[in-house]
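Thanks for coming. I have one structure to go through today, so please look at the screen while I talk.

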Amino acid sequence: MGQDEGDVTVTRRVSPAEPPVEPGVAAVPSLSHAGFGLDGRDGDHRPDKPEEACGVFAVLAADQAVANLTYFGLYALQHRGQESAGIAVFDDVKVRLHKDMGLVSQVFDQEVLERMPGQLAVGHNRYSTTGSSKVCNAQPVVLMTRLGPFALAHNGNLVNASELRASLDHLAGEFTSTTDSELIAFAVQEAVGSGLGWNAAIRAAAARCRGAFSLVIGTPDGLFALRDGHGIRPLVFGMLGEPEQGQWVASSESCGLDIIGACFVDDVQPGELIHFRQADPIPERQRWCEEPSKLCIFEMIYFARPDSRFFGESLYSYRVRIGEVLARENPVVADIVIGVPDSGIPAAIGYSHASGIPFADGLIKNRYVGRTFIQPTQAMREAGIRVKLNPLPDVLCGKRVVVIDDSIVRGTTSRKLVAALRDAGATEVHMRISSPPVTHPCFYGIDTDTQDHLIAARLTLEEIERHLGVDSLSYLSKEGMVEAAHANSSHFCTACFDGNYPIDLDEEVRSSKLMLEPTGLAARV
Ligand code: SF4
């Protein structure tokens, strides 16, 4: 399907293998990292793990197949969003945009990529936080201005989306989506329309936004990369080839650089705007805003890939370290330590190092599980359908087991997991969580459910132990989580563990996640 609008061509693919997806209709379940069951969601399809919001990626490189490079970058960032994917490519004449519902490998094939030549590409993987799961909400957002078209991809979530939308109400007839990302794009368009150049227009638009936003923006004058003042969502940049070639790449995580052989240069710093120009070996870096750094610490614990680098080391190393701290803080007598694949494995290895209890593979993950549109029947759910994880009785039978997971949100999948470990013969199950209790919802681009569904916001430790059916349950302390990062403790957002939101939330936003008077474990923070 294609649509040519002069400077911008939009295409969309619906393969015969996929269910029909019409704009404004589709509601497609996404995968969590480590759900125990069909897709990490329970019967009402709410996630039982925090779900990442989005991944952004961009390449500026003449004489390179930028669409293909962006495809691979998005492929590396697939864990950040599985509902839709899109790439916009600029050549000297026009912008070609292709986006659709599905995984990167479902949305793009070689034929589509070959129809997207150019020197600058902007790509996006989406998991919906603001705006529902519809193809019209897929990104990048491409808009026209008096200076030509631009393509914007956003990771994060604005907390003043209603206010921004109200200020752009005169453009409401032109909105094609329900996302805050499109509002940012319209703010850029409006600023350009008022006579500003790209750089000033992007800064002016960013100044109207409050919340989390890591942006990559392709323009006829090159590529811009920007992070909000607190730098809540990550964004890094690197280069392809030799420095004098001036070929630049921006990515939500460094694993996106690695996959295409780009070398890491630096983080886009919190409150920084970087302008990369075609074949220019020196990008223009400037602060558009000064705020204290508040990187989402959940990126380090769980969301970002373990091979992505934060603070000069891979997250694998950090996650092993928090496992070591967890063992020191919460020892237990047991025969084996197992991790919930994949995100619980490094912390389980760390727990094993520090405790001396042998590490074992007690849970096998189906690594080839893709998104499925087939939902299990109620009878299948009750029978404990195990699509993603399967316990190994040979390893577990007769053993006192320490099982390490990265977090508990609602507790529904943890409860099934514990039952399955006991079915496999574990004599004791001690659950250790490599993060503090999740007691507050996230408003900055992560789906952690409403507060009334967070098990640690409602129940005491003993009640959670009983609910999960474990012999014991302990969490990593907040101090241990932050100290293990080897970075200044004030540099992180830890709001979902302590309710200290670094960006003010007005009542309308708070009530959207049913913020409550704290009870249960939440009453302790
Ligand atoms: S509230 Fe939690 S998930 Fe959200 S940005 Fe802060 S630390 Fe990350």
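I'll start with strand 12. Both of its faces are covered: Gln 247, Val 249 and Ser 251 on one side, and Trp 248 and Ala 250 on the other, are all buried. Buried means 20 or more other C-beta atoms within 10 Å of the residue's own, exposed means 12 or fewer, partly exposed is in between, and the C-beta atoms are placed from the backbone. With 5 of the 5 residues of strand 12 (residues 247-251) buried, the strand is largely enclosed by the rest of the structure.

Before going on, a word on the source. This is a predicted model: local features need pLDDT of at least 70, side-chain atom pairs count only at pLDDT 80 or more, and totals for chains, interfaces and linings use all residues. Residues are numbered from 1 along each chain as its sequence is written.

Helices (H or I, at least four residues) and strands (E, at least two) are DSSP runs, numbered from the N terminus. The chain has 18 helices and 25 strands. Of its 525 residues, 56% are buried.

Which strands pair with strand 12? Strand 3 does, in the antiparallel sense over 4 bridges, and strand 11 (residues 236-240) does, also antiparallel, over 5 bridges. Two strands count as paired if DSSP finds at least two bridges between them. Leu 60 has Trp 248 of strand 12 as its bridge partner, and Gly 238 has Val 249. Strands 11 and 12 form a hairpin with 6 residues between them, and Gly 241 in the turn has a positive phi of about 70°.

Next, helix 13. Its 12 residues (412-423) should span 16 Å at 1.5 Å a residue, and the end C-alpha atoms are 17 Å apart, which agrees. The expected span is 1.5 Å times one less than the number of residues. Of those 12 residues, 9 are buried, so helix 13 is largely enclosed by the rest of the structure. Among the buried ones are Arg 415, Lys 416, Leu 417 and Val 418. What covers them? The cover for the buried residues of helix 13 includes strand 21 (389-391), helix 12 (393-396), strand 22 (400-405), strand 23 (428-433) and helix 15 (461-468). After the helix comes Gly 425, with a positive phi near 110°.

Now the ligand. The residues around it are Ile 232, Cys 296, Ile 297, Phe 298, Cys 442, Tyr 444, Ile 446, Cys 493, Thr 494, Ala 495 and Cys 496. Helix 8 (297-303) and helix 17 (495-498) are the elements that give two or more residues to this shell. By type, the shell divides into 10 nonpolar, 1 polar and no charged.

Last, some backbone details in loops. The peptide bond from Gln 139 to Pro 140 is cis, with omega near 5°, and Pro 140 sits in the loop between strand 6 (120-126) and strand 7 (141-145). Pro 341 and Asp 342 are also joined by a cis peptide bond, with omega about -10°. Asp 342 is in the loop between strand 19 (336-339) and helix 10 (345-355).

Asp 63 is not a glycine, yet its phi is positive, near 65°. Is Asp 63 buried or exposed? Asp 63 is exposed, with 10 other C-beta atoms within 10 Å. That's it from me.

How values were computed. A residue is near a molecule or strand if its C-beta atom, placed from the backbone, lies within 6 Å of it. Ala, Val, Leu, Ile, Met, Phe, Trp, Tyr, Cys and Pro count as nonpolar, Asp, Glu, Lys and Arg as charged, and the others, Gly among them, as polar. Two residues are in contact if their C-beta atoms, placed from the backbone, lie within 7 Å.
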